[in-house]
Amino acid sequence: MFKKILIANRGEVAMRIMRTCKEMGIKTVAVYSTADRSSLHVSFADEAVCIGPPASTESYLSIPRIMSAAEITNADAIHPGWGFLAENAAFAEICNEYQVKFIGPTADMIRKMGDKITAKETMIKAKVPVIPGSKGLIKDIKTSIKEAKRIGYPVILKATAGGGGKGMRIVNRESEFEENFNLASNEAKASFGNEGIYLEKFIEEPRHIEFQIAGDQYGNICHLSERDCTIQRRHQKLVEESPSPVVDEKLRKKMGEAAIKAAKSIKYESVGTVEFLLDKHGKFYFMEMNTRLQVEHTITEEVINYDLVKEQIKIAAGVPVTGTAYLPQRHAIECRINAEDPYNNFMPSPGKISVLHTPKGHGVRVDTHIYAGYVIPPNYDSLLAKLITVAQTREEAIATMERALEEFILEGVKTTIPFHRVLMKNEAFRSGKYSTSFLDDFEMPEPEAED
Ligand code: MV4
């Protein structure tokens with residue numbers, strides 16, 4: 001087992017990983033930018049190294065600075081967390097060269113799934129269902145317009161280097177094709193330095209269902225059930241739940257087997273996620289694979305009762321994976337508490353937290369790095385805390401969430417807490433019948449008097 005792990009991340013992420021390291025008797029090294037000097041991950045780690053100024057490019061994204069920190073502290077492994085360098089193939093490669101274990105998949109696996117058209121071609125070969133679309137990248141507009149006609153409108157244009165919604169364009173009719181193609185291609189070039197675009201049938205009002213998988217160094221792969229991440233706003237997830245209210249045992253078995261097939265096609269090693277779109281008719285399609293642990297891994301932990309960070313570290317150390325399917329034993333919901341103003345278009349709201357009381361009690365988990373007096377720097381993402389509730393049934397998990405949201409007091413900055421309080425009362429949410437367009441025309445009611 002590793003003796004000392006450097007955590008190449010900050011905030012809630014660094015705290016989450018450090019907690020498991022401590023339980024495993026592994027020493028921890030924190031890295032931090034000057035904006036994070038007074039962060040909890042710095043004070044709780046066994047050692048901490050300042051790696052640069054607030055700008056991520058000069059701190060949490062700087063490979064040379066992180067490698068130097070690993071070298072001077074003699075860390076034998078690096079955990080990248082999620083975000084920042086977690087899906088950076090060059091970083092995984094450099095760790096390898098320096099004989100520091102990258103806790104995650106190999107550079108080759110990251111690359112294969114990072115390029116979306118390569119990933120899709122890999123899935124077609126592996127006989128995992130994919131969304132009908134163009135054969136590879138669009139090279140010629142005329143040919144592609146013919147393909148769109150064959151597939152049938154509406155279609156969607158996606159950037160091969162994209163993911164998470166960037167460089168995406170929906171096309172409703174042929175007359176709008178060329179204009180949208182140029183827009184998507186330019187956006188992709190500007191965002192990713194890669195203008196490659198491919199075409200797909202647009203699936204209307206789908207559910208975003210993702211399967212947690214785990215693979216070891218010996219080719220064993222299992223799935224750990226699904227998460228429903230359909231409730232998003234502009235491709236930012238706000239609420240996740242597991243199991244999905246629309247996935248029954250039979251569908252779970254089919255999708256789980258497809259997820260394992262997907263991971264096996266690249267001999268995936270580490271924990272990861274296979275994302276699917278599920279249409280109104282119950283048909284599912286591979287969308288992309290995330291080669292990292294994700295923010296919402298917590299709900300899977302709660303329903304299957306495993307520490308996924310621990311499993312990930314064990315896999316990296318060479319421990320085999322056992323079993324094939326871990327099924328949900330309970331129901332869990334996660335609400336993301338962000339420093340954003342839901343009454344003002346979810347505008348970021350950095351600043352000082354003056355008052356803080358976090359919810360507690362049976363079935364409540366709060367993963368966070370914040371404390372009363374903490375100053376949220378404006379430089380990073382706005383996630384402050386993850387509020388997770390778990391119960392025997394979905395109804396009870398919602399009831400616990402409503403109670404926990406009531407107890408959550410955070411003053412000094414605007415947060416998404418009022419949004420979640422409204423959402424938990426929403427009929428579409430409560431019935432479990434919602435789609436990705438659910439939040440498109442969602443409006444906050446007038447603030448409560450006490451707010
Ligand atoms: C789609 C789609 C419909 N049809 N692809 C959004 C994020 C990126 N990973 C892919 N996304 C979508 N791809 C086809 N062929 C609809 C979406 C989509 C979406 C997916 C999951 C959750 C929320 C979403 C919100 C808007 C669009």
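**Around the ligand**

Modeller: Of the 17 residues around the ligand, the ones that come nearest are Lys 158, Glu 200, Lys 201, Ile 203 and Glu 288; "near" means a heavy atom within 4 Å. This is a predicted model, where local features need pLDDT of at least 70, side-chain atom pairs count only at pLDDT 80 or more, and totals for chains, interfaces and linings use all residues. Numbering runs from 1 along each chain as its sequence is written, and side-chain values use heavy atoms, with hydrogens and water left out.

Biologist: What lies 2.9 Å from a nitrogen atom of the ligand?

Modeller: A polar side-chain atom of Lys 158. For Ile 203, a polar backbone atom is 2.8 Å from a ligand nitrogen.

Biologist: How much of the ligand's accessible area does the protein cover?

Modeller: 90% of the 530 Å² that the ligand has on its own (Shrake-Rupley method, 1.4 Å probe).

Biologist: And why does the ligand lie between domain 2 and domain 3?

Modeller: Because domain 2 (132-201) and domain 3 (207-441) both give residues to the shell; the bounds come from an automatic or database domain assignment.

Biologist: Switching topic: how many disulfides are there?

Modeller: Zero in the whole structure, taking a disulfide as two cysteine sulfur atoms within 2.5 Å. For Cys 95, the nearest cysteine sulfur, that of Cys 21, is 15 Å away.

Biologist: Is Cys 95 buried or exposed?

Modeller: Buried, at 0% relative accessibility (buried is under 20% relative accessible area, exposed over 50%, partly exposed in between, with a 1.4 Å probe and protein chains only).

Notes. Polar contact = N/O pair within 3.5 Å; in protein donor to acceptor, adjacent residues only side chain to side chain.
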